[in-house]
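Please consult the sequence and the model shown below.

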Amino acid sequence: MWMDGKDPDVVIVGAGPVGLTLANLLGTQGVRTLVIERNAALEPEPRAVTLDDESLRTLQGAGLLDAVLKDVVLGYGVQYHDWRGRPFAAIQPTRQEYGYPKRNAFRQPLLVRTLFEGLARFEHVAVKFGHSFTAFEQDAEGITVQVQAEGEARAVRARWLVACDGGRSPVRECCKIVLEGETYAERWLIVDLAERTVPLRHTSTYCDPRRPTIRLPGPRGALRYEFMLREGDRDEDVLDERQFREWIARRVPADRDLPLVRKVIYGFHARVATRWREGRVLFAGDAAHLTPPFAGQGLNSGIRDAANLAWKLAALLRGSLPESVLDSYEQERRPHATALIQMALRIGRVMQPKSVLGAALTQTALRVACLLPACRDYILQLKFKPKPRFAQGCFLPSPNLSATELAPQPWVHQAPATALRLDEVLGAGFSVIGWDAAVVREAARQWVPQGLGTGQVALVRSEDDFLDTPADDGAVVRVRDASGELAALLARFGAAALVLRPDRYVYAVVPQAA
Ligand SMILES: Cc1cc2nc3c(=O)[nH]c(=O)nc-3n(C[C@H](O)[C@H](O)[C@H](O)COP(=O)(O)OP(=O)(O)OC[C@H]3O[C@@H](n4cnc5c(N)ncnc54)[C@H](O)[C@@H]3O)c2cc1C
């Protein structure tokens, strides 16, 4: 038997960062989960290097924030250099609407290790290495997954299967689902170095058509260089250390002789699976979408998939929501993942100018545009990044709620003097925030699906004290909206209270009394 004599509810194929994030989120929701991974151990390849604010919020929700932050450099921006090496634009966001800086440096293998270790908290979650998915059959009650392990064919029975098995997804192949989109001819050389001596933590992007280059510092002295290859470049030449160390020295001489961790050439894709669900099978992460790396969003999109799917699967397994909730997964996630792919392609066009003339034109246009404060702010604050906002999906549409969006996560104060991130007060399930405790209580009773409620929060205005705390508020917690962001959120929706989903998207608006 697979798990203490019982079948799992969910089988996840692939112990990459997306599969392990989903396993942690399902673990916190009490879902019996089995992860199967064909490799004998965790993947050591240092691929992704940028983690965004939404991902950190999800990892906070998985109870892994402190463990993850050990290996993260918070808040790194991007400086764009023109074809002559002069700075012409910058991204340096200062707003932290979801509780964290918008760009943070990390290393994928360290995150994957932390996610794996996080699973030790759950007796109901198991990971089997050396177990390869080969096929499945499904029926009205569940799914039988065929697995190859130690030279033997075995079968595991579950209710749902989530394919987090990467870009080549064998599960997707089994379903004959294709990835629509394009694969690009440009190739990049990646060089990972250690023991960085230059302390600058920001990314430097050299938009030089002769050799587009990116320099990305990381945690614990890590440093990555990425060089775009040109048509005539031969692999053996560009992989020669003398060659790329010369390119490095041209950018930052102090980096030239740093110890080499690895060198690799890769191409990139901009593709999305035509379907994200096949009955009891769902696709997440690279199995569902491949994002060009220029925006550092591929894995972040995968973590958003996991956050979207975890609570829906848990609610369905608990019988609190009908199976149709799973249809909202693709409905919500596909347009957003696609928009991020388009953003990565646009950034790529600026980063990979084809000629000096093209570079000079684009870069001059951007430099001039940045003279306008609104334009500079748009780029500097990363406002061009698609908002986590869905026009269709799992929410209760109303005149005040035509599209759902991710609620902000400001710091709030709890009496007498504790500062907390909002989600710490909201808990793991649905939650309600509003001004009046009675309205909050009533909204929780009326709008939160059966068995899924936790947090009930009544807000105290930023300028007020806790004087009005009644002796018995029942389950309602009072916190002060220290920054005024929650007041602004409620006002924007014309809401007396908002019902939030477990992934912190707005589920329903309780309108202000007329
Ligand atoms: C050079 C580079 C730089 C990048 N930079 C960034 C960045 O800065 N930010 C960002 O967000 N993203 C970035 N990405 C993208 C990011 O690395 C991927 O999106 C991420 O690894 C996807 O995670 P995943 O868990 O979906 O898939 P994977 O990491 O591919 O994991 C899939 C897992 O499934 C397993 N598997 C496959 N087949 C089977 C089977 N039959 N049975 C069992 N297990 C199986 C595999 O062994 C693997 O462990 C970058 C990618 C590259 C290549």
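## Basis of the model

The model is predicted: local features need pLDDT of at least 70 and side-chain atom pairs count only at pLDDT 80 or more, whereas totals for chains, interfaces and linings use all residues. Residues are numbered from 1 along each chain as its sequence is written, and side-chain values use heavy atoms, with hydrogens and water left out.

## Helix 8

Helix 8 covers residues 298–317; helices are DSSP runs of H or I with at least four residues, numbered from the N terminus. Its 20 residues should span 28 Å at 1.5 Å a residue, which agrees with the 29 Å between its end C-alpha atoms; the expected span is 1.5 Å times one less than the number of residues.

Of these 20 residues, 19 are buried, so helix 8 is largely enclosed by the rest of the structure. Buried means under 20% relative accessible area (1.4 Å probe, protein chains only). Gly-319, with a positive phi near 80 degrees, follows the helix.

## The ligand

Around the ligand are 31 residues, of which Glu-37, Gln-108, Phe-133, Asp-286 and Leu-299 come nearest; a residue counts if one of its heavy atoms lies within 4 Å.

Polar contacts are pairs of N or O atoms within 3.5 Å. An oxygen atom of the ligand lies 3.0 Å from a polar backbone atom of Val-18. A ligand nitrogen atom is 3.1 Å from a backbone N or O atom of Gly-296.

## The second largest pocket

A pocket is an open set of points on a 1 Å grid over the protein atoms alone, where a 1.4 Å probe fits, with protein on both sides within 12 Å along at least five of seven lines; lining residues have an atom within 4 Å of a point. The lining of the second largest pocket comprises 25 residues, with Thr-58, Gly-61, Ala-307, Pro-502 and Asp-503 nearest its centre. Helix 8 is one of the helices that each supply at least two lining residues.

Conventions:
Buried means under 20% relative accessible area, exposed over 50%, partly exposed in between (1.4 Å probe, protein chains only). A polar contact is a pair of N or O atoms within 3.5 Å; within protein, one must be able to donate a hydrogen and the other to accept it, and residues adjacent in sequence count only if both atoms are side-chain atoms.
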